[in-house]
Amino acid sequence: MLENTPENVDIKKKVFVNLDNLVKNDDTILASSTSCIIPSRFTETLKHRKQCIVAHPVNPPHYVPLVEIVPAPWTESSVVERTRAIMKDIGQAPVTLNKEVNGFLLNRIQYAIIMEGWRLVEDGVCSPEDVDTVMSKGLGLRYSFMGPFETMHMNAGGILDYCEKYGSNIEKICEEQGESRQLHDSNTAQVVHDAMCNASVPVEKLEERRTWRDKRLAALAVHQAGQED
């Protein structure tokens, strides 16, 4: 079952109490499509709370395949695995949070971009139109094929090399934005580097991957040139 009601925790509590009473077995997955409310806020008192999970699709789901899978602290691991499997079977691209966090992944990343764009406009650095152009004609094109970590991986000799070359400058800019984390000489850099080498491409094959990226960007440019505004 997938609940889809307004983003109101009181409404979701009532709906899930009703769903909890309807369920007569331990196999039914009780999922919510909430985009930002962590599941522990509306499932804690339920008899079948171990079967509860968030499966947040991105609109429009028939074109954007991402689904955020967010278990509560008491959600059984088998429920997480089955939910991921169902989403993959219907052609979606699930990502799983290891623990609850407000806003999940997509909105937290999206809000970081929105807030920095807002700050730049408010401080008189640029116009709102220029912020949108940076995304639609720059970062957005690149990120349509690769995420920020793979982009880092390919813009240098891997993540570790990128952090060594650019980490201190990134940290300084992020300090101006209010918070920064250490990139170079950090355990996280090694974790991300290993993940990119395993999931994306090893360092010795980066040039091949760059060729793939450039072909995809060229094809996208041709496609966009043929579209009406």
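These legends go with a set of close-up views of a predicted model.

**View 1. Helix H8, end to end.** Here we look at H8, which runs over residues 187-199.

View 2. Which residues of H8 are buried? They are Ala-189, Val-192, His-193, Met-196 and Cys-197. Looking down the helix axis, these buried residues fall within an arc of 135°, so they line one face of H8. Part of their cover comes from helix H6 (148-154) and helix H7 (159-176). Over on the other side of H8, the exposed residues are Asn-187, Thr-188, Val-191, Asn-198 and Ala-199.

View 3. Phe-16 belongs to helix H1 (residues 9-22) and Phe-42 to helix H2 (residues 40-43), so the contact ties together parts 26 residues apart in sequence. Are these two residues buried or exposed? Both Phe-16 and Phe-42 are buried.

View 4. With ring centres 6.4 Å apart and planes at 75°, Phe-145 and Trp-212 form an edge-to-face pair, because the angle is over 60 degrees. The pair links distant parts of the chain, 67 residues apart: Phe-145 is in the loop between helix H5 (128-143) and H6, while Trp-212 is in helix H9. Both partners come out as partly exposed, Phe-145 with a relative accessible area of 22% and Trp-212 with 26%.

**View 5. Arginines over tryptophan rings.** Trp-212 turns up again here, this time with Arg-209 lying over its face at 3.8 Å from the ring centre. A second example is Arg-49, which lies over the face of Trp-74 at 4.2 Å from the ring centre.

**View 6. Further along helix H9, at Ala-221.** Ala-221 sits in helix H9, which covers residues 206-225. With a relative accessibility of 44%, Ala-221 counts as partly exposed. How far is its C-alpha atom from that of Gly-147? The two C-alpha atoms are separated by 19 Å, and the residues are 74 apart along the chain.

**View 7. A cis peptide bond at Pro-60.** The bond joining Asn-59 and Pro-60 is cis, with omega at about -10°. As for where this happens, Pro-60 is in the loop between strand S3 (52-57) and strand S4 (66-71).

**View 8. Positive phi at Phe-104.** Phe-104 isn't a glycine, yet its phi is positive, near 60°. The residue lies in the loop between strand S5 (93-96) and helix H4 (106-122). Its relative accessible area is 0%, so Phe-104 is buried.

**View 9. Positive phi at Asp-185.** Asp-185 is another non-glycine residue with a positive phi, about 55°. Which loop holds it? Asp-185 is in the loop between H7 and H8. Its relative accessibility is 67%, so Asp-185 counts as exposed, whereas Phe-104 is buried.

Definitions and conventions. Residues numbered from 1 in each chain as written. Predicted model: local features only at pLDDT ≥ 70, side-chain atom pairs only at ≥ 80, totals over all residues. Heavy atoms only, no water. Helix = DSSP H or I, 4+ residues; strand = E, 2+ residues; numbered from the N terminus. Expected span 1.5 Å × (residues − 1). Buried < 20%, exposed > 50% of the residue type's maximum accessible area, 1.4 Å probe, protein only. Arc of directions from axis to C-beta. Contact = heavy atoms within 4.5 Å. Phe/Tyr/Trp six-rings, centres within 6.5 Å; stacked < 30°, edge-to-face > 60°. Lys NZ or Arg CZ within 6 Å of the ring centre and 35° of its normal.
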